[in-house]
Amino acid sequence: MSTVTTTKPAPTAPGPASVAVPHGEGRIGLRGNLRHIGALVRRNALQIKQDPESMVDVVLMPIIFALLFVFVFGGAISGKGNQAEYVNYVIPGLMAMMGMNIAMGVGTGVNDDFKKGVMDRFRSMPIARSSVLIAKIVVELGRMMVAIAILLAVGFLLGLSIKGPVTGLFLAIGLSAVFGASLMWIFVLLGLTMKTPQAVQGMAMMVLMPLQFGSSIFAPPTTMPDWLQSFTDYNPLSNLADAARALINDAPVGDSVWMTLIWSLAITAVTMPLAVRKFRQKT
């Protein structure tokens, strides 16, 4: 009678532990993207809560600009004693200016985050790369809304009046937010491209100054030379200022609203993909 011997297989050496590979951005669904953006927005908002000094510019900038332009330039532009008329002209224009000035801070903040290694930690996580930048812009839009609210409060104290339905005011605020968000993508791209926050700030000022003062924000273009009027007509800040002014004062808006939306869409369509690509490749 033969016996059958069974041999146990030799124990195999334990293999290396499986390493979870982060999913690529293309595999993250819309719900995952929104969840990542929400978490990053909460993180950025908590940072502001821990550092209230980061809101000083948002609080003081609209107060200083409103008082400065109404009482220093209002009499020269509208005539002595007609500052109240100038308030209804300049405050809607300053709404456009708020978005541009706050957008500049986005670029320097992104650049500084890279210097501190914060962005490198984000890029090592299995999250959509775009969600990091979108969350940054969402929080800055919140800061922009605070600045506009303070600007309008000062404007009402100085005599600002809503001559049409209140919906016009909310439409002007919404239009300013849309255009402000598109500008933020420009400065995010600058922040990812330039080497230092100081370089970002210097480049931003070179862009800001001609656009702000070569527009209809502070004075009617009819008082400007012909060549400057031509520049002002195509300046997107002029379109936004004219649109906000018309919506608040219940005046014909013309093409200013559509031109502002077209500018916003075009700027975002060009700069957002470039900024996300630069964010992935930046070393």
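**Aromatic pairs and a buried arginine**

Modeller: The count comes to 4 aromatic pairs, where rings of Phe, Tyr and Trp (its six-membered ring) pair if their centres lie within 6.5 Å, with planes under 30 degrees apart stacked, over 60 edge-to-face and the rest tilted.

Biologist: What about the rings of F69 and F218?

Modeller: Their centres are 4.4 Å apart and their planes at 15°, so F69 and F218 are stacked. F69 is in helix α2 (residues 56-78) and F218 in the loop between α7 and α8 (226-234), so the pair ties together parts 149 residues apart in sequence. Helices here are DSSP runs (H or I, at least four residues), numbered from the N terminus.

Biologist: Are F69 and F218 buried or exposed?

Modeller: Both are buried, meaning under 20% relative accessible area with a 1.4 Å probe, protein chains only. F65, F69, F213 and F218 form one aromatic cluster.

Biologist: How far can I take this?

Modeller: It's a predicted model, so local features need pLDDT of at least 70 and side-chain atom pairs 80 or more, while totals for chains, interfaces and linings use all residues. Residues are numbered from 1 along each chain as its sequence is written, and side-chain values use heavy atoms, leaving out hydrogens and water.

Biologist: New topic: where does R143 lie?

Modeller: R143 lies in helix α5 (residues 129-158), and it's buried, with a relative accessible area of 9%.

Biologist: What does the side chain of R143 reach?

Modeller: The backbone oxygen of S54, at 2.7 Å.

Notes
Helix = DSSP H or I, 4+ residues; strand = E, 2+ residues; numbered from the N terminus. Buried < 20%, exposed > 50% of the residue type's maximum accessible area, 1.4 Å probe, protein only. Polar contact = N/O pair within 3.5 Å; in protein donor to acceptor, adjacent residues only side chain to side chain.
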